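Have a look at the model, then read on.

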Amino acid sequence: MSDEPDEPQQPQAPLKPQAPQASAGDGRQNLTRRQAKQQYKAARTADRKAKRKASGRRRILPTWRMLLGAFLLLCLLIGGGLVAGYLLVDIPPANAAATKQSNVYLYADGSPLARDGEVNRENIPLSQVPKHTQHAVLAAEDRDFHSESAVDPQAMLRAAWNTLTGKGKQSGSTITQQFVKNYYLGQEQTVTRKAKEFFIAIKLDRQVSKNDILLGYLNTSYFGRNAYGIQAAAHAYYGKDAEHLTVAEGAYLATLLNSPNAYDVSAHPENKSRAVGRWNYVLDGMVKENWLPQADRAAMKFPDPNPAKAPSGLSGQRGYVVKAVEDYLAEHKILDTDTLAKGGYRITTTLQKPRQDDFAEAVEDQLLSQVDPEARKVDGHVRAGGAAIDPTTGEVVAMYGGIDYTKQYVNNATRRDYQVGSTFKPFVFTAAVQNRSTTQDGRPITPGTVYDGTNQRPVQGWPGGTYAPENEDQRSYGDITVSAATELSVNAVYAQMAVDVGSDKVAQTAVDLGIPATTPDLTASPSIALGPATASVLDMTQAYATLANHGEHGAYTLVEEITKHGERIALPAREKRQVVSREAADTTTSILQSVVENGTGTAAQAAGRPAAGKTGTAEEDKAAWFAGYTPELATVVAVLGQDPNPPYGQTPLYGALGQPRINGGAYPARIWAQFTRNALQGRPVQGFDLILEPGAQQPPLLPPESEPEQEPPPEQQPRPQQQPRPQPEPQPEQQPQPEQEPQPEQQPQPPLQPEPTGGGTPSRPPTGTTP
């Protein structure tokens, strides 16, 4: 050992393994060399793993070289696809649908119902289309038409994104693309059709002038009312040639291009505000593009179109059915209006011809036969609408749309602009049972629950302000049970019940039963119980059918089958679900039986069947309703007041048919009874099979042996608060009794007492609160 001190050790880099040296001729040395190489590779791998572990990072993203390569490959594929598509897709001849075929409508049994007629089209040169009308169309559909290319990829992507994100279905198509779809292709919503449209539009834009494309678009577009092209539309809506259209009229026709069905304010008066909004959008666009002076635009008023004139082949009820089916197919996204208008479809409806005839006969016998416009001018305002649904299937078996489609274009069964009145009250009680609601002092709400029925009693527990609804005739009832309040339609009770349940829950229950959530005036406030909502007759029929079906709801259907060239068109699946409990629906049925037995709806007993129902009257007596059902059939009838002259506004029915008032328990209930009796003739009488909530008592299941005489309905006479309910012996095999002859309305009768419903002018929440 050396006595010299050790030198300090210096850190050294780890040695890389070295391959051992060996002579080429030594086999054992060669083997050692191979082993050494393997050891060397293993050491390097372990070294790399150690470095990755030490750094704490692992590469998970592709390198920029990989990204660049993928992008270039994608560009190559897209470019190749575009070139191939442009070369392979030729401009085809005009499609066969450019000359429209008729659609054939059939009853459920296959017998013919209607044919929607031949195409209405007259092509004109662009010189006969006023410049302002051309500009209106461009403002509505494609403001950059003259400066843009045939397709707008950015708009297409934006439309696709808006559709995917639920902002509404949008096409993103230019006018050139729309013309290609109308004239060369079809309306099918497929990727193949859209791709062809894309390439044909590009080619067409290179071969045809912008003016020629615009002219083709104006002559082929569908404007509603079976009118194809701007000339036919000008005659259909304003009775003039296109060259004589005013700026305002041209803007309205341009509005129709967006939705011909929805924006026809004659067919759908409830949509007028939407149509006017779209019309304003078109005019504002013209101002923005310097096509219209602001001063001229500010002076314009909405140009109401002429009443629609239906083809003679659609007279009577046939036209109403065709229009209702058209609306149904569009609303359920089965066939849009443009596609259906191309024709060639064979549509089997759910309507039953005998039931259609029964409905028309009942309206004629019980109402129209007593109308005398010469003696009473108001009789000329009397209209009726009705619908009947099989509760177990959801099929609409009958519909009454009005006096005649060629005389009145609006379908009274589907319009949504008349208040439903007290026919809404059952939804309040259903919501109470469904939500196990209690009164303000904690008592469960059942048919026997006692409420204060004092006139103009302020509701308790509502934070929106003072609300004190009037009872009909300012009548006070004092303490009264829910069942009796339903029989007599006491507003004070039901307004309070709406607060006890929660008016938002009431609205939701109505929607669950079948009332559209978009129904006007379906607002969450105590007044909801009095029926200011303007649901259609068909909407109300669907909701009452859900009650008849023990709370199980299936959306109504008007269409059984659609075929074209022998091929079936897919229809939505008929799904059912329990929207309210059976106890909630059945307990509501039990108190509605009391309305027919003891209350305002006794005229419905003439059906000779166990029945549940509710009367209703709109404000100012502009509409009277009876909504009811048997176990087999749900039917709603409305008698409406409408001015037969433009602008066709709603009118009160005071004095109509020689009566001080028209109430739901009179003519609507009588129409309902005759129709129901005839529609169910020959079928065994069925009682309601009810499961009630605790505390509720089931009324008798079958009607008395003999029918009541045809006397003025109970709402015409003062009634005690409650009367004992008759208890007849059950007669399971009882057949319906023949109807008593109705007493002529012209004979002297006791003065009519107004129906105690939500009619008249119910009190509204104060200004600043939810109405």
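Among the residues touching (heavy atoms within 4.5 Å) are A251 and Y252 of α9 and W279 and L283 of α10.

This is a predicted model: local features need pLDDT of at least 70, side-chain atom pairs count only at pLDDT 80 or more, and totals for chains, interfaces and linings use all residues. Residues are numbered from 1 along each chain as its sequence is written, and side-chain values use heavy atoms, leaving out hydrogens and water.

Helices (H or I, at least four residues) and strands (E, at least two) are DSSP runs, numbered from the N terminus. Two strands pair if DSSP finds at least two bridges between them.

| Pair | Bridges | Opposite residues |
|---|---|---|
| β11 and β12 (567-568) | two bridges | T563 and R568 |
| β6 (382-389) and β16 (634-641) | eight bridges | G386 and V637 |

β11 and β12 make a hairpin with two residues between them, and H565 in the turn has a positive phi of about 55 degrees.

Now for the open sheet: five strands run in the order β7-β6-β16-β15-β14, with antiparallel pairing. Its edge strands, β7 and β14, each pair on one side only. Helix α19 (residues 537-548) packs on this sheet, its direction making about 35 degrees with that of β6.

Definitions and conventions: Axes fitted to C-alpha atoms, helices over the stretch in contact; angles between N-to-C directions.
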